[in-house]
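Welcome, and please have a look at the structure below before reading on.

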Amino acid sequence: MSEFAMRAEKLDAGDELADVRGKFVLDEVVYLDGNSLGALPAAVPGRVEDVVRRQWGELRIRSWDESGWWTAPERIGDRIAPLVGAAAGQIVVGDSTSVNVFKALVAAVRIAGGPGSGRDEIVVDATTFPTDGYIAESAARMTGCTLIPVTPAEVPGVLGERTAAVLLNHVDYRTGRLHDLPSLTAAVREAGAVAVWDLCHSAGALPVGLDEHGVDLAVGCTYKYLNGGPGSPAYLYVRHGLQDRFDSPLPGWNSHAEPFGMRPAYEPAAGAVRGRVGTPDILSMLALEAALEVWEGVSIEAVRAKSLALTDFFLECVAAYAPVGRVESVTPVAHAERGSQVALRCDDAGEVMKELIARGVVGDFRHPDVLRFGFTPLYVGFGEVERAARVLGDVLSRT
């Protein structure tokens, strides 16, 4: 047994989250792609069967009240809240991340006053996930604003009296770089603008501290580190102090003060409910609710500690096993700048990832030359990390 394999055994023996792994449906594959799609929590299939056969099949329309369907977006939002450092009553679940980015960004411009007040610029992360950029560009056109794309490090330098809203990613999806949410949020608010954060690659992997750091609006998906399943609904966070000013560009009947009044004029409901639009996707939403049960008794601080230990160990193993010069990490070494993934630059990354998957190590490839490995601390162990690095080293030696 190698030095690293022995170390992995000791680390796994002392892992306080080891028992959580049994709450997932897993096999012998080393699954390091939870940053794209989380593994299946074991409680989900039975819950979905109950929703389909009993709640829908037997109770039918009665389930909107008797099974709590109508209140699910807020109820499930309150389950997500502690994982992102938010008090109850500020998160509503529903729609996709893209739709929620649109709602949040347009509402942010309106809260800031918009072009009529002289605030006619939207600042966006130039390295953002493409959809965020597309939506930011469309929101700028619709609100009469100018789009200012810059890197997160450049944001403080472009803020000013004309800034209405700033859209940033907490973790860069390509490199795994963790951006400084506290200081960037403070800078945005000091400029009189509204901060919107995309938490897709951080929620469920590390502490976010939305309330603590005064974040105005935030969005995120639930199918990555929250393990909600493919296409599971996203969520929208609206800070308590802004809820009465949140003017959604999608005022659907579900967010009306009297949704069943069927009134021709729109009157927004109070609270985070304003973030709702139309009828919730009940099947996937209740699957998400079941998936979130794996978090009972788990602290996000413990998850973060293990995440850093896993990524540290992986980087160390790769340095030992991979041929010199074949791969280069583009993920920051500093813990304060690292999310829960490691991105390795490799000339033939696409072919290397195909071979890794064929040999039971699942990560993913990002064009043109990046191997991504996501570490979900709830179910990934140190032995798997050592195995993944060892297989990667072997593949690189043969290609």
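A nonpolar core is a set of buried Ala, Val, Leu, Ile, Met, Phe, Trp, Tyr and Cys residues joined through side-chain atoms within 4.5 Å. Keep in mind that this is a predicted model. With that said, here is what the model shows.

**Nonpolar cores**

- The largest nonpolar core has 83 residues, and Leu199, Trp295, Phe314 and Phe373 are the ones that touch the most other members.
- Helix H10 makes the biggest contribution to this core, giving 9 residues.
- Leu199 is in contact with Val84, His170, Leu181, Val208, Leu210, Ala218, Val219, Gly220 and Tyr235, if neighbours within four places in sequence are left aside.
- Another core, of 29 residues, lies apart from the largest one, and its members include Val106, Val109, Ala112 and Val124.
- As background, nonpolar side chains in soluble globular proteins tend to be buried together.

**Helices H1 and H10**

- Two packed helices are described by the angle between their axes and the distance between the axes.
- For H1 (residues 3-13) and H10 (residues 300-321), the axes come within 11 Å and cross at roughly 170 degrees.
- Angles over 145 degrees count as roughly antiparallel, and H1 and H10 are therefore roughly antiparallel to each other.
- On the H1 side the contact involves Phe4, Arg7, Ala8 and Leu11, while H10 brings Phe313, Glu316, Cys317, Ala320 and Tyr321.
- Sorted by type, the residues of this contact comprise 7 nonpolar and 2 charged, with no polar ones.

- Strand E8 (residues 194-198) is largely enclosed by the rest of the structure, because 5 of its 5 residues are buried.
- Both faces of E8 are covered, with Val194, Val196 and Asp198 buried on one side and Ala195 and Trp197 buried on the other.
- E8 runs parallel to strand E7 (residues 163-169), and 5 bridges join the two.
- Within this pairing, Leu167 stands opposite Val196 in E8.

**Val370 in strand E15**

- Val370 lies in strand E15, which spans residues 370-374.
- Buried means under 20% relative accessible area, and Val370 has 9%, so Val370 is buried.
- Beyond residues up to four places away in sequence, Val370 touches Arg174, Ala343, Leu344, Ala349, Asp364 and Phe365.
- Val370 and Gln243 are 127 residues apart in sequence, and their C-alpha atoms are 40 Å apart in space.

How values were computed. Residues are numbered from 1 along each chain as its sequence is written. This is a predicted model: local features need pLDDT of at least 70, side-chain atom pairs count only at pLDDT 80 or more; totals for chains, interfaces and linings use all residues. Side-chain values use heavy atoms; hydrogens and water are left out. Axes are lines fitted to C-alpha atoms, for helices over the stretch in contact, and angles run from 0 to 180 degrees between N-to-C directions. Helices (H or I, at least four residues) and strands (E, at least two) are DSSP runs, numbered from the N terminus. Angles under 35 degrees count as roughly parallel, over 145 as roughly antiparallel, 65 to 115 as roughly perpendicular and the rest as oblique. Contact means heavy atoms within 4.5 Å. Ala, Val, Leu, Ile, Met, Phe, Trp, Tyr, Cys and Pro count as nonpolar, Asp, Glu, Lys and Arg as charged, and the others, Gly among them, as polar. Buried means under 20% relative accessible area, exposed over 50%, partly exposed in between (1.4 Å probe, protein chains only). Two strands pair if DSSP finds at least two bridges between them.
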